[in-house]
Amino acid sequence: MPSSTPLPYLWLISDARNDAVLEQSLRRLPRGSGFIYRHYHLGDPQRLERFQALKRVARACDHIVILADSALTATEWGADGVYGAPRALWPTRGDLLHLATAHDLREVGEANRFGCDAMLISPVFGTKSHPGGKALGPTRFRALASHAQAPVIALGGMTQTRADALGWDRWAAIDGLS
């Protein structure tokens with residue numbers, strides 16, 4: 001991603017649950033939003049094929065496309081960046097955007113040390129991805145975000161209503177945007 005391109009405020013994350021509506025969801029997002037492709041449920045050939053199809057739709061909408069995989073794979077597949085645990089994102093290859101996941105203070109610190117471009121702190125609220133899992137809640141989320149040295153994207157049970165109540169401009173969702 002060129003350094004002159006601003007970091008999107010809204011991010012759609014792919015999952016087996018929202019696969020059937022991804023093209024439609026990508027088209028509904030504001031131009032220049034972000035798309036994080038995970039699709040861990042697919043084997044390699046199918047995962048690449050689905051990525052290429054969704055990347056075409058995302059590019060037509062001027063969205064940033066991030067791959068949850070290695071920097072090498074992201075470069076080979078033509079993604080704008082990589083997404084994952086802070087340590088898994090380095091060493092870098094090319095001019096990729098690095099989006100680190102963080103669930104606690106240790107991971108926020110790792111993301112800071114490795115110099116991520118943004119971090120997704122989660123789960124802010126309860127999620128279908130981790131039913132029964134413990135959510136951070138607004139207070140703990142803000143405490144973790146205060147230690148971040150990069151822009152923070154709220155993730156986990158996020159919807160526009162929750163983002164507004166939280167007072168957080170940058171957020172991502174699977175179900176909340178599908």
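Helix H2 spans residues 44–60, which is 17 residues. From its first C-alpha to its last it reaches 24 Å, close to the 24 Å expected at 1.5 Å a residue; the expected span is 1.5 Å times one less than the number of residues. Helices (H or I, at least four residues) and strands (E, at least two) are DSSP runs numbered from the N terminus. This is a predicted model, in which local features need pLDDT of at least 70 and side-chain atom pairs count only at pLDDT 80 or more, while totals for chains, interfaces and linings use all residues. Residues are numbered from 1 along each chain as its sequence is written, and side-chain values use heavy atoms, with hydrogens and water left out.

The buried residues of H2 are Arg-47, Arg-50, Phe-51, Leu-54, Lys-55, Val-57 and Ala-58. Buried means under 20% relative accessible area, exposed over 50%, and partly exposed in between (1.4 Å probe, protein chains only). Down the axis of H2, its buried residues fall within an arc of 165 degrees, so they line one face of the helix; the arc is that of the directions from the helix axis to the C-beta atoms. The face turned away from the buried side carries the exposed residues Pro-45, Glu-49, Arg-56 and Ala-60. Helix H1 (22–28), strand S2 (34–37), strand S3 (64–67) and helix H3 (71–77) are among what covers the buried residues of H2.

The whole structure holds four aromatic pairs. Rings of Phe, Tyr and Trp (its six-membered ring) pair if their centres lie within 6.5 Å; planes under 30 degrees apart count as stacked, over 60 as edge-to-face and the rest as tilted. The rings of Tyr-37 and Phe-51 have centres 5.2 Å apart and planes at 65 degrees, so this pair is edge-to-face. Tyr-37 lies in strand S2 and Phe-51 in helix H2, so the pair ties together parts 14 residues apart in sequence. Ring pairs link Phe-35, Tyr-37, Phe-51 and Trp-77 into a cluster.

Charges also sit over rings, which requires NZ of Lys or CZ of Arg within 6 Å of the ring centre and within 35 degrees of the ring normal.

| Charged residue | Ring | Distance to ring centre |
|---|---|---|
| Arg-162 | Phe-125 | 4.6 Å |
| Arg-170 | Tyr-9 | 4.1 Å |

A nonpolar core is a set of buried Ala, Val, Leu, Ile, Met, Phe, Trp, Tyr and Cys residues joined through side-chain atoms within 4.5 Å. The largest has 45 residues, and Met-119, Ile-121 and Phe-141 have the most contacts inside it. H2 gives the largest share of this core, four residues.

Key:
Contact means heavy atoms within 4.5 Å.
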